[in-house]
Amino acid sequence: MTPPATPPSAQAADPSAVLRADGVTLAHGQAIAVDTIRLAPPPGRLTAVVGPNGCGKSTLLAGLSRLHRPAGGTVLLDGRDLARLPAREAARRIGLLPQSAQAPDGLTVADLVRFGRQPHQGLLRQWSPQDQQAVDRALTATGMTALAGRLLETLSGGQRQRAWIALTVAQETAVLLLDEPTSALDLGHQLEVFELLRELAAAGRTVVVVVHDLMLACRYADHLVAMKAGRMVAEGAPREVVTPELIRRLYGVEAGVLRDPDTDRPLVVPRGLAP
Amino acid sequence: MLVGNHERSITSGAAPPAAAPTDRLPARRMAAGVAVPVALLALTGAASLLIGSGEVGPVRSWREVPGGARDPEAAFAVWHLRGPRTLVAMVVGAALGTAGAALQAVARNPLAEPGLLGVSAGASTGVVLVIALGGSAATLGPYAAVLGALLGCLAAVGAARLRGVGDDPLRLVLAGAALSGLLGSLTSVLLLVDNRTADEVRFWTVGGVAGRDLGALADVAPALLLGAVLLLLVARPLSAMALGEPAAAGLGHRPRRARLTAVVAVALLVGGATAVAGPIGFVGLVVPFAARALVGPDLRRVLVPSLLLGPVVVVAADVVSRLLVRPYEMPLGVVTALIGAPVLVVVARARRVPAL
């Protein structure tokens, strides 16, 4: 259950922050969605949260991002209680791409990415050269520079999703949380997004992504968190935790778990519903 | 550009990339978004000083513009009748234009207009109630108008958040029409019951700026200024809420607080404007619509041309109101409806109401 060792911090482009859920319980009214979860996504790694529909994985992400206040336990950012951190300060350190992200018509990619600088602005601190540099860097990092002037509604799904990720990159946070960023995308665009997320993690960020697709999680995650009914049932490197037993427990599916000869990562082959 | 060129990504991100060529585009659009409205404002302002429904025509008026009062009748018309009313129309237009832009951002609905959603009706009903109860419209009017506008605004924003109403721009307008109708009939009842105040009350059913002077403006200046300041404070969070509330919260904003602040700002602006000029509809629909066409959807940018185009629309409508039925005047609220209603029909008939 211990997270893998963190990579050498010298690699980190940003000061890496440590995000930790300490026995966090999240509830929607009386219904408990996330039950006393302990989680410390490793910095510099891509952490994927998987589980069946309604298992609480999106709620967990909302809890980690301060959107959902814990009913019990605490989320700690570098040892400080996230719930007591001022909203803007938290937003300078944790970037969030919600599932319901939607942009008004007529917005360009650059317009969208500029929103990422809002946590760094204030009443007296308006748009600055640093903000522009951060936006340019985010566009470069996401391969969106050439599309910066394009209207969002004219882009492909994958490009649009990269534009949204560029917004969170421009936020220049050490932690990046994404809720199902690939749910509406085809295979090519899914890989496009995950390649990008892996790079962002490799630059020293703590990247946590809620993902529906177990195959994608196995292929790209350094660290896998499996949830069922609000509880964490497994955590660790995909090749260690992904087993036929886990698949049966999570989804009620009989599956074979093979090894990809090229990457040595697990390949899940569904064979049928579990009896 | 698909996956690839990963070599020159994040880790090499420290190297400043060449100045993004696309960045000049917003600046140029913004310049147009200021220049065009300013030119229109100068034109309509001049027209408002020169054109009247009475006997003093543009040529006689023009000779009096430098001052000197060689023609006392013309000087009086230009500087004592048309001057103040032009200024009142400009202030009212600025308030309604920016309030419309803000209300549309809060409701995330391009058809959310203070007049259509019952905010203006709330304001005028507030004033009429004060009159009917024997109060003085001059001293209590602004407060009653702001309070009425606040109630109308809360009802509108509350309705916008209801499932089934908020997701459909047109249904919200229907809900607003119902509220406006209700408040309008309340005003009519008061008008019928109390003959004594009928004349005073009639003004609050259709707005206008004729005969409004700077004193009336001074009465509502605090409300308008406070509304403007609140709107400035809330512009950034409100602009981020166009990306959805979770995204806005992720950017460090507090959506609920922003929404409440914006509602109060809209109430102050619409209440203040209505206390001076009565209910004037459609300005808050037409103006942000044109402003978005000029500068794009970001509220922080939309507010600038809205502030300038609001006066253009109200002053222009006021000039038209003097010409339609000379030597009488058409009520200003009727003229803005004549301009605005077709715009509403066009927007509503568009294949898809633009998402905000």
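Domain bounds here come from an automatic or database domain assignment. On that basis, chain A splits into domain 1 (1–93 + 174–275) and domain 2 (101–172). Taken over C-alpha atoms, the centres of domain 1 of chain A and domain 2 of chain A are 25 Å apart.

This is a predicted model, in which local features need pLDDT of at least 70, side-chain atom pairs count only at pLDDT 80 or more, and totals for chains, interfaces and linings use all residues. Residues are numbered from 1 along each chain as its sequence is written, chains are lettered from A and ligands numbered from 1 in the order in which they are written, and side-chain values use heavy atoms, with hydrogens and water left out.

**Where the two domains of chain A meet**

- Contact means heavy atoms within 4.5 Å. Between domain 1 of chain A and domain 2 of chain A, the contact takes 16 residues from domain 1 and 17 residues from domain 2.
- The two domains of chain A bury about 1300 Å² between them. Carbon and sulfur atoms carry 62% of that area. Buried area is the accessible area (1.4 Å probe) that two parts lose on being put together, summed over both.
- On the domain 1 side, A:Arg92, A:Glu192 and A:Leu196 lose the most area to domain 2 of chain A. Together they make up 32% of what that side buries.
- One salt bridge is counted between domain 1 of chain A and domain 2 of chain A. A salt bridge is a side-chain nitrogen of Lys or Arg within 4 Å of a carboxyl oxygen of Asp or Glu.
- Five residue pairs are in polar contact between the two domains of chain A (both at pLDDT 80 or more). A polar contact is a pair of N or O atoms within 3.5 Å; within protein, one must be able to donate a hydrogen and the other to accept it, and residues adjacent in sequence count only if both atoms are side-chain atoms.
- Helix H2 (87–91), strand E7 (175–179) and helix H6 (187–202) of chain A each supply at least two residues of the domain 1 side that touches domain 2. Helices (H or I, at least four residues) and strands (E, at least two) are DSSP runs, numbered from the N terminus.
- The largest share of that domain 1 side, seven residues, comes from H6(A).
- By class, the residues of the domain 1 side are 10 nonpolar, one polar and five charged. Ala, Val, Leu, Ile, Met, Phe, Trp, Tyr, Cys and Pro count as nonpolar, Asp, Glu, Lys and Arg as charged, and the others, Gly among them, as polar.

**Salt bridges**

- Over all chains, the structure holds 20 salt bridges.
- One of them joins B:Arg301 and A:Asp111 through their side chains (2.7 Å, N to O). The pair crosses between chains, from helix H12 (residues 299–323) of chain B to helix H3 (residues 109–114) of chain A. B:Arg301 and A:Asp111 are both buried. Buried means under 20% relative accessible area, exposed over 50%, partly exposed in between (1.4 Å probe, protein chains only).
- A:Arg162 pairs with A:Glu192 in a salt bridge, with the closest N and O atoms 2.6 Å apart. A:Arg162 lies in helix H5 (residues 157–170) of chain A and A:Glu192 in helix H6 of chain A, so the pair ties together parts that are 30 residues apart in sequence. Both A:Arg162 and A:Glu192 are buried.
- A:Asp264 and A:Arg239 form a salt bridge, the closest N and O atoms being 3.5 Å apart. A:Asp264 sits in the loop between strand E11 (253–259) and strand E12 (266–273) of chain A and A:Arg239 in helix H8 (residues 238–241) of chain A, so the pair ties together parts that are 25 residues apart in sequence. A:Asp264 is partly exposed at 38% relative accessibility. A:Arg239 is partly exposed at 39%.
- A network of salt bridges links A:Arg117, A:Asp131, A:Arg137 and A:Glu172.

- A:Thr36 is not a glycine, yet has a positive phi of about 35°. A:Thr36 is in strand E2 (residues 31–39) of chain A. Its relative accessible area of 46% makes A:Thr36 partly exposed.
- A:Ala229 also has a positive phi, near 50°. A:Ala229 is in the loop between strand E9 (223–228) and strand E10 (231–236) of chain A. A:Ala229 is exposed, at 63% relative accessible area.

**A residue in chain B**

- B:Arg257 is in helix H10 (residues 255–277) of chain B. B:Arg257 is exposed, with a relative accessible area of 53%.
- B:Arg257 and B:Ser61 are 196 residues apart along the chain, and their C-alpha atoms are separated by 50 Å.
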